[in-house]
Amino acid sequence: MAGGPTTPELVAAISNAGGLGNLGAGYLTPEQLRSMIREIKQLTDQPFGVNLFVPEQRIESEETIGQMADHLNIYRVELGIAQNPAIQKYSESFEEQVQVLLDEEIPVFSFTFGIPPQDVIQTMKQRGTIVIGTATTIEEAKQLEAAGVDAIVAQGSEAGGHRGTFLKSVSDTQIGTMALVPQIVDHVTIPVIASGGIMDGRGLVASLALGAAAVQMGTAFLACPESGAHTTYKQKILSGNEDCTEITRVYSGKAARGIRTEFMNDMHRYPGNIPAYPIQNAMTRDIRQAAAKANNPEYMSLWAGQGLRLATDRSAAVTVKQTIDQANVLVKLIFNLRRVGD
Ligand SMILES: Cc1cc2nc3c(=O)[nH]c(=O)nc-3n(C[C@H](O)[C@H](O)[C@H](O)COP(=O)(O)O)c2cc1C
């Protein structure tokens, strides 16, 4: 989970508890990335993963950018921050981030938003790193398998955060986890990791029943003490319910699921075009940061999945343990029921 929640403490706590902690590193500079990987290595000797965003080349008209820059000033006035801030760069260099991962010999590399160049996938694999891609449709999963990944995250539309969709428009591809996982399982030969709305042992067992080899959980860990999510964000997670999220492009230019805010509601009435990711993401950064400083959730991005009513503030280790324990109980129960039925 890029953007702060996945601290080295959270990643290591999950790996130490028997899960596979993942550092969401899409927004990190190469220096930040290197130092966080080293911190994780200090905190655990278990495997962990690092996740990056596959870059996209999006050209945006000066007019669209200029109109958005003017519009965003309304929120800057409200938050009492400087208007028209200079933007140094839209995103970090993927190539430099990849180089850090190779230098640091990380155990697992995962990515979203597309498929990295072949040499990246092959070099990682040659160095012994397990490579995992993200799919939101069967066609994306097939392309990832053909590109040589070792496993696929099947991201259902319940999932919090950005959609990994890269072949079609997000509005055409909002497939729920329950429908997505078994169809991907039927069309690829590599392991599938179910993701989206999985919050406890029930979600884990259901995913295994659908043919998944593992699950990826995000929202379930957001309010843990080890999570670096802002306190106000954690409170919104713990008080949120299943119908308070929606998929929006207004924060970053790319579709992502988060808790509804005033900024979302207001921006949905914006008559112009929203610049593509990562331009819009860079353009709203100062607003999100100022809102966080002012403890004002209405202008922060509060990424969360539809399962958020099941989120707790228990530690990451307890969350992993309870998920596994509950799944074990359920599996035994189902096995015994089957025996009774035989
Ligand atoms: C706050 C947040 C940030 C996320 N950031 C990333 C990311 O950087 N890379 C990625 O592949 N997925 C990211 N995701 C999506 C998760 O990998 C995963 O698909 C999702 O959390 C699963 O659904 P759930 O939130 O219902 O558990 C993020 C999700 C959240 C909630």
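Reader: By class, what residues does the shell around the ligand have?

Author: Keep in mind that this is a predicted model. The shell has 12 polar and eight nonpolar residues, with no charged ones.

Reader: OK, and which residues come nearest to the ligand?

Author: There are 20 residues around the ligand, and Asn51, Gly197, Gln216, Gly218 and Thr219 come nearest.

Reader: What does the side chain of Asn51 have 2.7 Å from an N or O atom?

Author: A nitrogen atom of the ligand. The side chain of Gln216 also places an N or O atom 2.8 Å from an oxygen atom of the ligand. At Gly196 the backbone takes part, with an N or O atom 3.4 Å from a ligand oxygen.

Reader: How much of the ligand's accessible area does the protein cover?

Author: On its own the ligand has 590 Å² of accessible area, and the protein covers 95% of that.

Reader: Which elements give two or more residues to the shell?

Author: Strand E2 (49-53) and helix H9 (219-222).

Reader: Switching topic: which residues touch the most other members in the largest nonpolar core?

Author: Leu23, Leu33 and Phe109, in a core of 83 residues. Leaving out residues up to four places away in sequence, Leu23 touches Leu33 and Asn51, among others including Val11, Ile37 and Val50.

Reader: And what's in the second, separate core?

Author: That core has five residues, among them Val108, Ile132, Ala151 and Ile193.

Notes. Residues are numbered from 1 along each chain as its sequence is written. This is a predicted model: local features need pLDDT of at least 70, side-chain atom pairs count only at pLDDT 80 or more; totals for chains, interfaces and linings use all residues. Side-chain values use heavy atoms; hydrogens and water are left out. A residue is near a molecule or strand if one of its heavy atoms lies within 4 Å of it. A polar contact is a pair of N or O atoms within 3.5 Å; within protein, one must be able to donate a hydrogen and the other to accept it, and residues adjacent in sequence count only if both atoms are side-chain atoms. Accessible areas come from the Shrake-Rupley method with a 1.4 Å probe; for residues, only the protein chains shown count as cover. Helices (H or I, at least four residues) and strands (E, at least two) are DSSP runs, numbered from the N terminus. Ala, Val, Leu, Ile, Met, Phe, Trp, Tyr, Cys and Pro count as nonpolar, Asp, Glu, Lys and Arg as charged, and the others, Gly among them, as polar. A nonpolar core is a set of buried Ala, Val, Leu, Ile, Met, Phe, Trp, Tyr and Cys residues joined through side-chain atoms within 4.5 Å. Buried means under 20% relative accessible area, exposed over 50%, partly exposed in between (1.4 Å probe, protein chains only). Contact means heavy atoms within 4.5 Å.
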